Amino acid sequence: MLKLKEITCKNALVKSRISGVDYCLNPYTGCEHNCAYCYAIFMKRFTDHSEEWGSFVDVKVNFLERLEKEIKRAKPGTVMLSSVTDPYQPLEEKYKLTRGALEILSKYNFPVHIQTKSDLVLRDIDLLKKLNEPEVGFTITCLNPEIQRKFEPGASSTEKRFEALKKLNQEGINTFIFFGPILPYFSDTEKSINSVFNKAIEAAVKYIYVDKMNYTPSIWARLNNFLRLNFPELLSQYQSTYYSNGSYAEKLRTKIRKLYKDSSFELEVVF
Ligand code: SF4
């Protein structure tokens, strides 16, 4: 059961340290997609929730008002939606904070970079077409629907994400895939990596960014519980990627570079 809270925020347009991104917009704190490996779990300490990460969302109800004020004083730059939540999680259907933010950004001509796991982004194609240099990317972690649903229970299916990529390309919007985190055992085989590359060619994306599973102690603790419940037989395999991250990463990097032969999209390995 999701715990929803409406809150007010002090800032909307936040300066970013992500390469190629000047500002981040996070209209929500928390995320209904509830991914087992969620990298944004550290955000819980900025809330007063005692519930598990993934079971609460704070909605910043004054977000658009703040953004409208702050953008007038801001130096133009690329804006990312979102860095620590999903801008198109199911609540967005009702609150439309992401849609409202795109309306404001379209008036000020700031380039926009969207990354999501939800095909709800298709709702906003009309606005995306009005933006300066919009790019929309989908995170892809696994092509097996059952495994994907376990790891990302609240997000759109991988199939829907690829369909949405095709639709966005047909509408003339630049797209990319963030293939990551590559799930050990499920997505790190040559066959799986090749299949994702082939789907990317089919969807005509411009770039693929590839990332491995990145662990912090809190991410690992959450993932460990998830694996114990869902895939106990894989616990030791995941443990080995956690404790010997350097050598696992090196092998994976080599495998990906060897498999990348197509020049119809650009590849960036980010680990
Ligand atoms: S979509 Fe992103 S922010 Fe949301 S739970 Fe998944 S990893 Fe976390």
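In which strand does Pro181 lie? The close-ups below show a predicted model, in which local features need pLDDT of at least 70 and side-chain atom pairs count only at pLDDT 80 or more, while totals for chains, interfaces and linings use all residues. Residues are numbered from 1 along each chain as its sequence is written.

**View A. A cis peptide bond joins Gly180 and Pro181.** Pro181 lies in strand β9, residues 174-182, where strands (E, at least two residues) and helices (H or I, at least four) are DSSP runs numbered from the N terminus. Omega of the bond between Gly180 and Pro181 is about -5 degrees, whereas most peptide bonds are trans.

**View B. The peptide bond from Leu81 to Ser82 is cis.** Its omega is near -5 degrees, and Ser82 lies in the loop between β6 (79-81) and α2 (92-95).

**View C. Glu133 has a positive phi although it is not a glycine.** The phi of Glu133 is about 45 degrees, and the residue lies in the loop between α4 (125-128) and β8 (135-140). Glu133 counts as exposed because it has 11 C-beta neighbours inside 10 Å; with C-beta atoms placed from the backbone, 12 or fewer others within 10 Å make a residue exposed, 20 or more make it buried, and counts in between make it partly exposed.

**View D. Ala204, which is not a glycine, also has a positive phi.** Its phi is about 60 degrees, and Ala204 lies in the loop between α7 (190-203) and β10 (207-212). Ala204 has 14 C-beta neighbours inside 10 Å and therefore counts as partly exposed.
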